[in-house]
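Thanks for coming, everyone. I'd like to walk you through one structure this morning. Let me put it on the screen.

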There are 2 protein chains.
Amino acid sequence: MAEPAGQLLADRAVAEDAAERTLAILDTTTVTLVGVREARLVSDAVGPRRYLHAGPPLSLDELPGPLRGALVGALLLEGEAADRAEAARILDGGELELAPCQEAAAGGAIAGVVSPSMPVVLVESSRGNRAFSPLNEGLGNALRFGANSEATLRRLRDVVAPVLDRAAACADVDLTEIQAEALRRGDEGHNRTVAAGAVLVARLASWAIRTAPDRAAAADALEDARCNPHFFNPFSIAAAKAIADAAHGIPGSPIVTGAGGNGLRFGIRVSGLGERWFTAPAPTSRPMLFEGFSPEDAQPMLGDSPLIETIGLGGCALSAAPAVCSYVGGAPADLSRIVSEVRAIAAGVSSRFLIPFESFAGTPLGLDVTRVAVTGIEPVTTTGLAHRRAGVGQVGAGLTRLPVEPFADAARALERSSTVTEEGGRT
Amino acid sequence: MAEPAGQLLADRAVAEDAAERTLAILDTTTVTLVGVREARLVSDAVGPRRYLHAGPPLSLDELPGPLRGALVGALLLEGEAADRAEAARILDGGELELAPCQEAAAGGAIAGVVSPSMPVVLVESSRGNRAFSPLNEGLGNALRFGANSEATLRRLRDVVAPVLDRAAACADVDLTEIQAEALRRGDEGHNRTVAAGAVLVARLASWAIRTAPDRAAAADALEDARCNPHFFNPFSIAAAKAIADAAHGIPGSPIVTGAGGNGLRFGIRVSGLGERWFTAPAPTSRPMLFEGFSPEDAQPMLGDSPLIETIGLGGCALSAAPAVCSYVGGAPADLSRIVSEVRAIAAGVSSRFLIPFESFAGTPLGLDVTRVAVTGIEPVTTTGLAHRRAGVGQVGAGLTRLPVEPFADAARALERSSTVTEEGGRT
């Protein structure tokens, strides 16, 4: 039996080894695009009255406005409710089952609602696991921000998805390669994905033409994708989720493999800590609001897009994308300062996601709950902001500091679990 | 009559006013894409035995290897010669008329040869003038580098141009807007134009689909454009030429409105100095050579692409594009140093071409021959390098320092012309 000090060293060695193994997976797993299909065809976790949502679990009686708005929209879209009143009765009567996207190999932007007929981006990692994320509907009064008007629903029923699906099946798109190249083109891969979007549209174009049912469908789908500055966002989230899932479940690993908000609570999951969520009240952003909205209008953090930070993009790559200053504020030099803070809480450095203006240094990779707990440095993400009230939509965007609490809780749980394992070993 | 000192001040005031007016045109003229057509349909300067070439004028008996190779290729392409021997006889017999692209509202990369059936990118400025540049043929054994094999000629006869032409006619593409956005996406607009290329391919895609003779033609053309990293280059050159021509001809202006090399001589033209070329021996690059070539293989500077520097891109925007380090050498910080040197010889700053990592400072705009003469700072451009021998092709790429001599000669000529005008006024 080891002495306490020896035991501590042995524990640290186990944790470091686990972290290294997790990092290697986060750093080397590649992701290819499979298709863009209705969620019901992709996952058993989605059914007629079984929808997914962003962030940690929550119950129907605590729904924040935008999530409620999105669920009403989804019930209308699916024909489960004839009007808003009936949809409200379904929600108030507890007649809908809800589960977190991240427990179903998915990640959803903002409200993150996935209902059966919604088109989702489906990807597969080089380790064989799949992940998905709802296709981005465009800006403004989108369902993910809680809007549910006729115009919102019409967008979800359009013909873009089938065209993209056929093109994707032929094009053999390596999404991680596009994400890496996009850093050389001024994206950070989370809020700014315009360069990646242009690459993907150009990549799919010739196949869309060859495989679409008719020319107009191909032209409309490509033009729709091109004009949406967040077209690539779900491709980025799905790729991140696939990589994060591949790196999940390594005993003793302190590396974050899940993160997201449901508007009430922000939560993380950790590679070495199984299915458990560690949560804290959802943070609010330092918001850049659209004209006509005040800070009180914004719902605290919603969305699974911080999954993107788990693979070394987004807040970890901010300084690759000075153009984000226009919507998160500050100057390019501030972005470099933020990234260097993140380096202090990351277990490693990406070998493929490189920041041109930091002499092609790799982005910080592998948020380490122990390092967050010890340093007290708040991880960073960039998110869109939804109006608090159901049915309104987006009010702005901002840089969000994530609370330290869930990371510290996870670090303690990891310590306890290593002790428990050790004690288990002793009996 | 003014005293000599007063006269000097008056001259300087005239020059500064002329520079300001030139700068305003360089800074605000926008350029739209008109089409991609055969040169014979675009310009009277091109005819059956009347071809264009890059750089200042030269005669048939002094052709450098790559230009000779390109002209042989063009004569074969046009059916003027049945084989290389016959083409050589035409050249040696003086049976071909040559004129500089830049004297015919054109700009051509590397050899810059334009013959009647070659597809050219045609653009129009917001001031009504038009300009054109040969469509880029792709990498490797391209005619612009002096290659003239069957494969080279086959590429020039393909079906890409008609598809692009029809799409361009509908798409209403503002090229200067794409160039500005591309700086936020890591291009410098001259040697690195991949981000602009992706934007343009995505922009043309839906129109290509709607207007192409058949689906396969549209798909092939878009895929060909997407896979060519220099697809955007002639769009960039043509836009620069249109803007530079709009800014040409302002009496007393010391601003450069033309620049290029013919492999023997490098030359510039100046807004206030009419059609005259000021030349010096063509410089050689600090080359990054392809495998298997030595520095002696490279022909000294060829090509009109330094036109791009006249509008504040390329060497003026190097620090927007750290990825160029991979083929011009050095580190990102070196690029910023080069741009700050260029600031010392530029009359102004672009208000639309902004460098993200210099806190969105405008690029240096308007190379001022007087400032070059006074400071002795060599302007910078980045070019591809052709093999000295006809028929070989590209051997590398590099950062090229332009000789001060033509700028100094032009500064002296400007001084003299102002004196002459004044004396003329006195008589």
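How many salt bridges does the rule find across the interface of chain A and chain B? Four. A salt bridge here is a side-chain nitrogen of Lys or Arg within 4 Å of a carboxyl oxygen of Asp or Glu. Take one pair: D220(B) and R210(A) meet through their side chains, 2.7 Å from N to O.

Some ground rules. This is a predicted model: local features need pLDDT of at least 70, side-chain atom pairs count only at pLDDT 80 or more, and totals for chains, interfaces and linings use all residues. Residues are numbered from 1 along each chain as its sequence is written, chains are lettered from A and ligands numbered from 1 in the order in which they are written, and side-chain values use heavy atoms, with hydrogens and water left out.

Now, confidence. pLDDT is the predictor's confidence in each residue, from 0 to 100. Chain A averages 91, and 95% of its residues score at least 70. Residues 422–427 of chain A stay under 50. For that stretch the model has three contacts beyond four places in sequence; contact means heavy atoms within 4.5 Å. For the complex, the predictor gives an ipTM of 0.89 and a pTM of 0.92.

Back to the interface. On chain A, 37 residues are in contact with 37 residues of chain B. The two chains bury about 3100 Å² between them. That is accessible area, taken with a 1.4 Å probe, lost on putting the two parts together and summed over both. Carbon and sulfur atoms hold 63% of it. In chain A, the residues losing the most area to chain B are I209(A), R215(A) and F357(A), together 25% of what that side buries.

Polar contacts next: pairs of N or O atoms within 3.5 Å, where within protein one must be able to donate a hydrogen and the other to accept it, and residues adjacent in sequence count only if both atoms are side-chain atoms. Between chain A and chain B, twelve residue pairs qualify, both residues at pLDDT 80 or more. α8 (194–211) and α9 (215–227) of chain A each supply at least two residues of the side touching chain B. The largest share, twelve residues, comes from α8(A).

Technical notes:
Helices (H or I, at least four residues) and strands (E, at least two) are DSSP runs, numbered from the N terminus.
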